[in-house]
Amino acid sequence: MIRKNRSMMRRATLNPMVIMAGGAIFMALVALVFWPRNTRPKAQQNTLHLQRASVAAPTQAARVQPNAQDTPSQTTASGGLKTFQTTMVGPISLSFKKGGMETKEATFLSALAARLLIWRVNLRNEIRRGDKIEVIYRPVDTQSLYEIIAMRYNSTKHNRSYAFYRYQEPGRRFAAYYDAEGNEIEQKLRNAPLREYEQVTSILKMRPKHKGVDFKAPVGTKLYLPFRSRVVRTTWNFRFNGNCLEVAPLHKPNLRIMFLHLQKIADGVKVGRVLPANAVIGYVGNTGRSTAPHLHYQIMDGRKVIDPFRFHETYTRALPEEQRAAFQQHRRQLDLQFPTR
Ligand SMILES: [Zn+2]
């Protein structure tokens with residue numbers, strides 16, 4: 001999907017408005033959606049990680065629900081869900097504000113929308129003025145403040161509409177987002193460092209200066225070694241990286257694979273040791289410069305950043321057959337709640 005997006009970018013017609021909007025969208029997206037409210041340090045070290053997501057710790061005041069006066073585009077759906085629709089006039093957060101959403105809500109909700117949309121639309125250069133977005137969401141008592149229950153995005157660039165439905169599959173630890181056919185929205189890595197995680201909260205094309213992929217997962221989630229590897233170093237630059245681990249995979253010994261912000265490194269993981277693939281090497285944490293529990297997973301070839309979604313084999317997970325009827329029923333109920341049907 002990443003490669004396809006790039007070739008699409010090259011073929012894009014050079015409409016001046018598109019170019020201007022594209023630049024503005026990207027800059028504003030970075031500024032509005034992914035930057036924390038605190039000041040940014042001047043220099044980033046090689047493996048410095050800033051959890052620059054939308055999840056700057058909310059104040060109590062921030063939790064007060066906005067919008068006593070609903071704008072025309074904002075309504076309350078059944079079951080305590082809220083709905084919102086607007087057309088894109090620039091970056092998602094700006095579009096939400098122009099569409100009548102209160103600033104804080106727009107900032108938080110647009111960050112969540114971006115995490116989903118990034119799997120279908122390149123946010124840097126494929127958002128077009130006039131694209132339509134509809135969101136069904138609800139306030140939740142977590143750092144992200146809101147949870148998207150379903151979303152629809154109509155892409156002028158792709159000439160099609162994308163749908164996203166949150167669904168909790170029985171027996172699984174976390175809910176996930178699926179398309180209308182019951183295929184999971186996020187791509188999965190084979191030999192993934194985590195077997196269970198809540199969501200991928202950052203991929204490389206979302207934040208170009210961020211060198212890794214972030215997996216949101218609870219503290220203590222087991223971390224597995226993706227490939228047979230030699231341990232190169234452990235816990236350097238604790239202030240930024242927290243407890244961390246760097247390994248060299250034996251089949252590509254020049255590469256370095258890093259795991260940051262760990263709660264702890266597993267026993268027996270010592271510099272110089274060769275460990276088999278699938279060995280438990282540590283546990284997800286929130287150490288170093290990190291604002292929420294997650295794994296930062298980074299692959300380097302010298303100074304060059306390697307995209308884990310290219311280095312690993314990837315796949316799309318579909319709901320198992322026996323879940324499809326329940327999912328479709330859930331989806332049809334949500335479809336009835338979108339502002340436009
Ligand atoms: Zn990260």
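# A chat about a predicted chain

Student: Which helix is A326 in?

Tutor: A326 sits in helix α7, residues 324-335. Helices (H or I, at least four residues) and strands (E, at least two) are DSSP runs, numbered from the N terminus. Residues themselves are numbered from 1 along each chain as its sequence is written. This is a predicted model, where local features need pLDDT of at least 70, side-chain atom pairs count only at pLDDT 80 or more, and totals for chains, interfaces and linings use all residues.

Student: What is pLDDT, then?

Tutor: It is the predictor's confidence in each residue, from 0 to 100. The chain averages 83, and 77% of the residues score at least 70.

Student: How far is A326 from E169?

Tutor: In sequence, 157 residues; in space, 9.4 Å from C-alpha to C-alpha.

Student: What share of the chain is buried?

Tutor: Buried residues make up 38% of the 341 residues. V135 is one of them, with 28 other C-beta atoms within 10 Å. V135 lies in strand β3, residues 132-139.

Student: What does V135 touch?

Tutor: T83, F84, L109, A113, I148 and M151, leaving out residues up to four places away in sequence. V135 and F338 are 203 residues apart along the chain, yet their C-alpha atoms are separated by 7.3 Å.

Student: New topic. How many residues are in the largest nonpolar core?

Tutor: There are 61, and A113 and F259 have the most contacts inside the core. A nonpolar core is a set of buried Ala, Val, Leu, Ile, Met, Phe, Trp, Tyr and Cys residues joined through C-beta atoms within 7 Å. Helix α4 gives the largest share of this core, 9 residues.

Student: Why does the core lie between the two domains?

Tutor: Because both give residues to it: domain 1 (15-36 + 48-54 + 70-187 + 318-335) and domain 2 (199-312). Domain bounds come from an automatic or database domain assignment.

Student: How covered is α4?

Tutor: Mostly covered: 13 of its 15 residues are buried. The length of α4 (residues 103-117) agrees with expectation too, because its 15 residues should span 21 Å at 1.5 Å a residue, and its end C-alpha atoms are 20 Å apart. The expected span is 1.5 Å times one less than the number of residues.

Student: And what does F259 touch?

Tutor: P193, L223, C244, L245, G282, L295 and Y297, not counting residues up to four places away in sequence.

Student: Which strands pair with β16?

Tutor: Take β9 (residues 213-216) to start: 4 bridges join it to β16, antiparallel. Next, β13 (residues 255-265) is joined to β16 by 6 bridges, also antiparallel. Then β17 (residues 304-306) pairs with β16 in the antiparallel sense over 3 bridges. Strands pair if DSSP finds at least two bridges between them.

Student: Which residues face each other there?

Tutor: V213 has Y297 in β16 as its bridge partner. L260 stands opposite H296. D301 partners K304 in β17.

Student: What do β16 and β17 form?

Tutor: A hairpin, with 2 residues between the strands. G302 in the turn has a positive phi of about 65°.

Student: Which residue other than glycine has a phi near 70°?

Tutor: L145, and the value is positive. L145 is found in the loop between β3 and β4 (146-155). L145 is buried, with 22 other C-beta atoms within 10 Å.

Student: What about N278?

Tutor: N278 has a positive phi of about 75°, and it is not a glycine either. N278 is in the loop between β14 and β15 (280-284). N278 is partly exposed, with 13 other C-beta atoms within 10 Å.

Notes: A residue is buried if 20 or more other C-beta atoms lie within 10 Å of its own, exposed if 12 or fewer, and partly exposed in between; C-beta atoms are placed from the backbone. Two residues are in contact if their C-beta atoms, placed from the backbone, lie within 7 Å.
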